[in-house]
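Keep the structure in view while you read.

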Amino acid sequence: MKKNDFYLAAAVLTAAFILWAAQRFFLASEGERITVTQNGEAVGSYSLREDDILTFTDGAGGRNVLVIRDGEAFMQEADCPDGLCIRQKAISKKGESIICLPHKLAVEVTAGEEAETDAVTR
């Protein structure tokens, strides 16, 4: 490798870091609601501004406890075998999500207004 190759690599890494930092810290907007879906169907939409404890069960007896506190949502309990959803960080920014695959449960931070459906396909 020559000297200019190192400069190019440093420039690419610097640009990637700047774009990552801008997206992570400056462009990510705070969400106002979370949308919960189970088995691909919407279960509910809840405000991040109101503290709450929500329990979701699936048809096979699986149980998840979602806590909304201080503008963040996190999975407090789950009886799934791997428990990965419990170890995910609290979510509060638009687009962040918590997924529990064994219970087919998804929690996603959305904007304050309900999105308008453009099209529905099968």
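The sulfur of C100 has its closest cysteine sulfur in C80, at 3.7 Å, which is too far for a bond. This is a predicted model, in which local features need pLDDT of at least 70 and side-chain atom pairs count only at pLDDT 80 or more, while totals for chains, interfaces and linings use all residues. Residues are numbered from 1 along each chain as its sequence is written, and side-chain values use heavy atoms, with hydrogens and water left out.

A disulfide is a pair of cysteine sulfur atoms within 2.5 Å. The structure holds zero disulfides. C100 is buried, with a relative accessible area of 2%. C85 is buried as well, also at 2%. Buried means under 20% relative accessible area, exposed over 50%, and partly exposed in between (1.4 Å probe, protein chains only).

Now step back to the whole chain. It has two helices and seven strands. Both are DSSP runs, numbered from the N terminus: helices are H or I with at least four residues, strands are E with at least two. Along the sequence the pattern reads α-β-β-β-β-β-α-β-β. The chain has 122 residues, and 26% of them count as buried. Its accessible surface is about 8700 Å², with 54% belonging to carbon and sulfur atoms. That area comes from the Shrake-Rupley method with a 1.4 Å probe; for residues, only the protein chains shown count as cover. Take the contacts between residues at least 6 apart in sequence: 34% join residues at least 24 apart. A contact means heavy atoms within 4.5 Å.

Two strands pair if DSSP finds at least two bridges between them. β1 and β7 pair in the antiparallel sense over six bridges.

Next comes β4. Five of its seven residues are buried, so the strand is mostly covered. β4 pairs with β3 in the antiparallel sense over six bridges. In β4, T57 has R63 as its bridge partner, and F56 has N64. β3 and β4 form a hairpin with five residues between them, and G61 in the turn has a positive phi of about 90 degrees. β4 also pairs with β5, antiparallel and over six bridges. There I68 stands opposite A73 in β5. The hairpin of β4 and β5 has two residues between the strands, and D70 in it takes a positive phi near 55 degrees.

In soluble globular proteins, nonpolar side chains tend to be buried together. M75 is worth a look. Leaving aside residues up to four places away in sequence, M75 touches N64, V65, L66, C85, I86, I98, L105 and V107.

Finish in the loops. Most residues other than glycine have a negative phi. N39 has a positive phi near 55 degrees and is not a glycine. N39 lies in the loop between β1 and β2. K104, another residue other than glycine, also has a positive phi near 55 degrees. K104 is found in the loop between β6 and β7. Is K104 buried or exposed? K104 is exposed, with a relative accessible area of 55%.
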